[in-house]
Number of protein chains: 2
Amino acid sequence: MSERLAFSPSEILLLGPGPSPVHPRVLAAQSAPVLGHLDPEFVALMDRVQADLRSVFGTNNPFTLPISATGSAGMEACIVNLAQPGTNCVVGVHGVFGERMVDLCERQGGTVHVVRSDYGKPLDVERMLQTIREQKPGLVAFVHAETSTGVLTPDDEVRAIARATHEADGYLILDCVTSLGGRRMALDDWGVDAAYSGTQKCLGVPPGLSPVSFSDRAMQAARDRPSRCTSWYLDVNLLGGYWGGERKYHHTAPISAVYGLAAGLDLVFEEGLEARFARHVRAARALIAGIEVLGLSPLVETGYRTPMLTSVNVPDGIDAKAVMQHLRAVHKIEIGGGLGSLAGKIWRIGLMGHGARLTSVLRVLSGLGDALQRQGETRDVTEALRMAEAVHDAQDRTDSPA
Amino acid sequence: MSERLAFSPSEILLLGPGPSPVHPRVLAAQSAPVLGHLDPEFVALMDRVQADLRSVFGTNNPFTLPISATGSAGMEACIVNLAQPGTNCVVGVHGVFGERMVDLCERQGGTVHVVRSDYGKPLDVERMLQTIREQKPGLVAFVHAETSTGVLTPDDEVRAIARATHEADGYLILDCVTSLGGRRMALDDWGVDAAYSGTQKCLGVPPGLSPVSFSDRAMQAARDRPSRCTSWYLDVNLLGGYWGGERKYHHTAPISAVYGLAAGLDLVFEEGLEARFARHVRAARALIAGIEVLGLSPLVETGYRTPMLTSVNVPDGIDAKAVMQHLRAVHKIEIGGGLGSLAGKIWRIGLMGHGARLTSVLRVLSGLGDALQRQGETRDVTEALRMAEAVHDAQDRTDSPA
């Protein structure tokens, strides 16, 4: 048969909710020669990846590793190992990914008490604490940086929920999909028992792996549970045997994806965690300054905005989808739309990992301004760019990212 | 911080049970620019991958797609969607992967009737048929080509089991991890309801994805089941919404891995399925001719050997592990050892995908001969190579691979 035309994707600037732009070194790493999944060279790389993930998660948990599937499987791994028929669960829901946690707890036979806020509002921490005190749940879960809204839960609130959870003798699961690699994480200090993330956000690596971390206490719970974990693929008792000291064959790790993650982590530590976190904050502040000049406003109130993902309200009379299509078709930029109750009402602009920089901000502001003008709106794009640049440059590189 | 030394893996000839050698075009595809998981260009690629997978699986099943995780997750996907508390299951076990199916059925609350044969022996088809007639199971499962032993179940036996399963009104799951892409598959003709595979065997793509296919009848069962599927990530009702016409966001697909799979499928169809299957048979026959000259014997009886993976008995007095280490260290070749009850008793030599060719055979024969001589055995390596080459060349390229 004749040769097929190879697939040749366009170069799109990925400023949606992920995947984020990938550094050329990470892409190159994914085409390195494939090793066996028990090869001594690969096993040494596994150790290195695990050590690096511990540093970005802010933990000493021995069980810290990339699950061989995407971020959603990390959520599933945390829940299937810690929930079982009859588990009393409290889940904070202020976006789509909180809803998914509820769904997963229910699939394991858990009883779920939902503490709901409107999408775009902060997590209702007071009601979370109260519900935990009342329900004495075995499992508490919420999303650190809600990817569907751009809401971040501040450190002291995470810590307070963890404390209440432990007083109830429960376990806390934290969704760190969008925050990991873009913001200082401190699982051990906060008291998080199980956390998961994805590679395609602030780590700047293509999607495909889900970094997870379980405390020794959570591992003990997974070992001692009376009913078996419904998943074999995600059973932490088995995964620990492969990634841990024994190197017992479990499944065949996705070698190329692990190479990519290792290269992405190299970039993270070459830059330095604090410098990286500060870069995310600077880019987000520049973006918000620029969109305000364009007459747009962020969805989320000050103090709860996650720097890596800014939700922008769609002005009345503007066709949200047409703007996104124009950006993609003409400017070669991807941004995200709203999910669930926010569909058509917001755009989600991600400045994550390699993409969290002024050039991304300037390109998306130009594109947005252009797209709005196509819909008959008059916007001062030049001033928006000037303002974004000024705000960006006014921030010291070593500004605290808090 | 300073630049880190990038990971630079050795070039190892992968002749174990997978991962198999990867063609440079596949590796290059994995470093192409990343697109969003709902990008129109990526969606078009998804369609192409699905159509190609239908062709290699020999099916028209609309639900045919790569699960975003490795082959073991494909097994889990098939079982969690079709087994639930109380499901009566019949599982054929003649190797490690059959055992895993039993484990997974039990985790879903199924009652499992195991039809066991010794590792290395063919599936006991007569007892399978009898047990199915007696038990009237809702689910029947077995492994087409047992990766832990190299035993292949012939087409007519697959068909007979499918017929009995349907007479009992049950569903048949077939593990095609090692067979897909290396042997003619005919899911529709055989009557298989759900099948899964991995990319890292005869498709010649790095590990990371699991092609699966569900018949409409199996999809109906997954839709209508009374209890919910324990997995959200692998729920075919949700996966079908993303990969099917709706393109409803479910999870973020592993973009680079899908690029690699698409490139691997391009190579499969450029070569042609029949030519590819014949190449696997030729390479396996050449290998067996060569190992016999080296005084070694295959584990599996004639008629049940899967061409892509040949298990070789370790002769008395030989240190199996030392041979493997010598091959890896000196000859830069990976082969596999035995699993479970066959640990230390066999080597597993895979000639899969891009690796199923005479050069692989000659290299592994040279290496094996050398390793045996290091343990004091006298072997005629030159004659083994001559014989392998002669047997290889004697086979017409268009030989039937049956």
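1. Strand S11 (residues 309-313) of chain B is joined to strand S14 (residues 346-350) of chain B by 5 bridges, and the two run antiparallel. Helices (H or I, at least four residues) and strands (E, at least two) are DSSP runs, numbered from the N terminus, and two strands are taken to pair if DSSP finds at least two bridges between them. Within this pairing, Val312(B) has Trp347(B) as its bridge partner in S14(B). Strand S13 (residues 336-337) of chain B also pairs with S14(B) in the antiparallel sense, over 2 bridges, and there Gly336(B) stands opposite Arg348(B). Strands of a sheet pair through backbone hydrogen bonds, either parallel or antiparallel.

2. The model is predicted: local features need pLDDT of at least 70, side-chain atom pairs count only at pLDDT 80 or more, and totals for chains, interfaces and linings use all residues. Residues are numbered from 1 along each chain as its sequence is written, while chains are lettered from A and ligands numbered from 1 in the order in which they are written.

3. S14(B) is mostly covered, with 5 of its 5 residues buried. A residue counts as buried if 20 or more other C-beta atoms lie within 10 Å of its own, as exposed if 12 or fewer do, and as partly exposed in between, with C-beta atoms placed from the backbone. Ile346(B), Arg348(B) and Gly350(B) point one way from the strand, Trp347(B) and Ile349(B) point the other way, and all are buried. In a regular strand the side chains alternate between the two faces of the sheet.

4. Strand S11 (residues 309-313) of chain A pairs with S14(A) in the antiparallel sense over 5 bridges; Thr310(A) has Ile349(A) as its bridge partner. Strand S13 (residues 336-337) of chain A is joined to S14(A) by 2 bridges, also antiparallel, and Gly336(A) is partnered there by Arg348(A).

5. Chain B is superposed on chain A by a rotation of 180° with 0.0 Å of shift along its axis, at an RMSD of 0.0 Å. That is the relation of a two-fold axis. The superposition is by least squares on the C-alpha atoms of residues with pLDDT of at least 70 in both copies. Among the residues of chain B, Ala69(B) comes closest to the rotation axis, its C-alpha lying at 2.3 Å.

6. The contact between the chains takes 64 residues from chain B and 65 residues from chain A, where two residues are in contact if their C-beta atoms, placed from the backbone, lie within 7 Å. On the side of chain B that touches chain A, the elements giving two or more residues are helix H1 (24-29), helix H2 (40-57), H3, helix H4 (96-107) and helix H10 (255-271) of chain B. H10(B) provides the largest share, 9 residues. The residues of this side divide into 31 nonpolar, 20 polar and 13 charged; Ala, Val, Leu, Ile, Met, Phe, Trp, Tyr, Cys and Pro count as nonpolar, Asp, Glu, Lys and Arg as charged, and the others, Gly among them, as polar. Because 100% of the interface residues of chain B are also interface residues in chain A, the copies meet through the same surface.

7. Gly71(B) is found in helix H3 of chain B and is buried, with 31 other C-beta atoms within 10 Å. Leaving aside neighbours within four places in sequence, Gly71(B) is in contact with Thr252(A) as well as with Val177(B), Tyr196(B), Ser197(B), Gly198(B) and Ser210(B).

8. In chain B, 7 strands form an open sheet with mixed pairing, in the order S2-S10-S9-S8-S5-S3-S4. Strand S2 (63-67) and strand S4 (111-116) of chain B stand at the edges with a single partner strand each, so one side of each is left without a neighbour in the sheet. Strand S3 (residues 88-93) of chain B and S4(B) run parallel and are joined by 6 bridges, with Val91(B) opposite Val114(B).

9. The buried residues of helix H8 (residues 216-224) of chain B are Ala218(B), Ala221(B) and Ala222(B). Seen down the axis of H8(B), these fall within an arc of 100°, so they line one face of the helix; the arc is that of the directions from the helix axis to the C-beta atoms. On the other side, Asp216(B), Gln220(B), Arg223(B) and Asp224(B) are exposed.
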